[in-house]
Amino acid sequence: MLVECTTCEAFVDGEVLANYTRWDEGSGMAGVYSFLKCPRCSEPFVVLQMDDGMGPDNWSEPYRLYPPTEMGVSLAIPSSLRSAYGEARSCFRIKAYTATAIMCRKTLEGIADESKITSRNLVTALKEMKDKGIIENRLYEWADALRISGNEAAHGVNSQISREDARDILEFTHALLEYVFTFQEKFEQFKQRKSNPRTAA
């Protein structure tokens, strides 16, 4: 099972030492927790795979729980977006800062697509997301700044993205992902509990 080893600073084929499958009776979904070790340095890992209907045998790509993934994203976020964002993080790690900005822009396009935005033009897609209340005004400004940085990185041959800018772009992308796919749902659940005192109790 491929997993990123923070000690070796590389992806390794982790040796699976044990598996534990947990079924959620409420959702009917299953999660497989695996305990692995690095074949190079024997660093231990704990990863989680969800039955998301996307991967082979319906299992998602392994998500590392331990050691914690830097700026990891919630499993509530679609796997395609987790993958794109993970690639952006990998680019940052190897100091490919221009590629980091490009992958963050790709992630942004994916957010619009997953949000059922009809426009294929990212400028109008972001405005549509704001108009529909998917993102609020400050997040719209962040998203548009990400779009512009991604454009400059992709089309400007002489454009250079600094480490600091790449780090900020990653963090803004992370915030957008969590807001659109995690925080909004949590807030809706919170409002439902508040409107139903019996449930809240």
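**Entry 1: Lys-116**

I opened this predicted model at Lys-116, which counts as exposed because its relative accessibility is 62%, over the 50% mark. I then checked where Lys-116 sits, and found it in the loop between H2 and H3. Its phi is positive, about 65°, although Lys-116 is not a glycine.

Next I looked up Ser-42, a residue other than glycine with a positive phi near 70°. Ser-42 belongs to the loop between strand S4 (30–37) and strand S5 (44–50). Is Ser-42 buried, partly exposed or exposed? With a relative accessible area of 46%, Ser-42 is partly exposed, because that value falls between 20% and 50%.

I noted Lys-95 as well: just after H1, this residue takes a positive phi of about 70°.

Which two residues does a cis peptide bond join? I found the bond between Tyr-66 and Pro-67, with omega at about -10°. Pro-67 is in the loop between strand S6 (63–66) and H1.

**Entry 2: The chain as a whole**

I stepped back to see the overall layout. I count six helices and six strands in the chain, and reading along the sequence gives the pattern β-β-β-β-β-β-α-α-α-α-α-α. The chain has 201 residues, and 39% of them are buried. I also looked at contacts between residues at least 6 apart in sequence: 45% of these join residues at least 24 apart.

**Entry 3: Helix H1**

H1 has 15 residues. From its first C-alpha to its last, H1 reaches 21 Å, close to the 21 Å expected at 1.5 Å a residue. I listed the buried residues of H1: Leu-81, Arg-82, Ala-84, Tyr-85, Gly-86, Ala-88, Arg-89, Cys-91 and Phe-92.

**Entry 4: Gly-110 in H2**

From Ala-84, I moved to Gly-110, which is 26 residues away along the chain. The C-alpha atoms of the two are separated by 8.5 Å. Gly-110 is found in helix H2 (residues 97–114). Why does Gly-110 count as buried? Its relative accessibility is 16%, so it falls under the 20% limit.

I kept a general point in mind here: in soluble globular proteins, nonpolar side chains tend to be buried together. The largest nonpolar core in this model has 35 residues, and those with the most contacts inside it are Ile-111, Met-129, Ile-135, Leu-176 and Leu-177. Which elements give two or more residues to this core? They are H1, H2, helix H3 (122–131), helix H4 (137–155) and helix H5 (163–195).

I found a second, separate core of seven residues too, with Val-3, Val-12, Leu-36 and Phe-45 among them.

I then picked out Ile-135 and set aside its neighbours within four places in sequence. Ile-135 is in contact with Leu-126, Met-129, Lys-130, Tyr-140, Leu-176, Tyr-179 and Val-180.

**Entry 5: The second largest pocket**

My last stop was the second largest pocket, whose volume is about 270 Å³. Twelve residues line this pocket, and the closest to its centre are Glu-4, Cys-5, Thr-6, Glu-9 and Arg-93. Strand S1 (2–5), strand S2 (10–13) and helix H1 (79–93) each supply at least two residues of the lining. The largest share, three residues, comes from H1. What is the make-up of the lining: how many nonpolar, polar and charged residues? I wrote down four nonpolar, two polar and six charged.

Note on methods. Residues are numbered from 1 along each chain as its sequence is written. This is a predicted model: local features need pLDDT of at least 70, side-chain atom pairs count only at pLDDT 80 or more; totals for chains, interfaces and linings use all residues. Side-chain values use heavy atoms; hydrogens and water are left out. Helices (H or I, at least four residues) and strands (E, at least two) are DSSP runs, numbered from the N terminus. Buried means under 20% relative accessible area, exposed over 50%, partly exposed in between (1.4 Å probe, protein chains only). On a 1 Å grid over the protein atoms alone, a cavity is a set of points where a 1.4 Å probe fits but cannot get out, and a pocket is an open set with protein on both sides within 12 Å along at least five of seven lines; lining residues have an atom within 4 Å of a point. Grid points are joined across faces, edges and corners, and a volume is the space filled by probe spheres set on the points. Ala, Val, Leu, Ile, Met, Phe, Trp, Tyr, Cys and Pro count as nonpolar, Asp, Glu, Lys and Arg as charged, and the others, Gly among them, as polar. The expected span of a helix is 1.5 Å times one less than its number of residues. A nonpolar core is a set of buried Ala, Val, Leu, Ile, Met, Phe, Trp, Tyr and Cys residues joined through side-chain atoms within 4.5 Å. Contact means heavy atoms within 4.5 Å.
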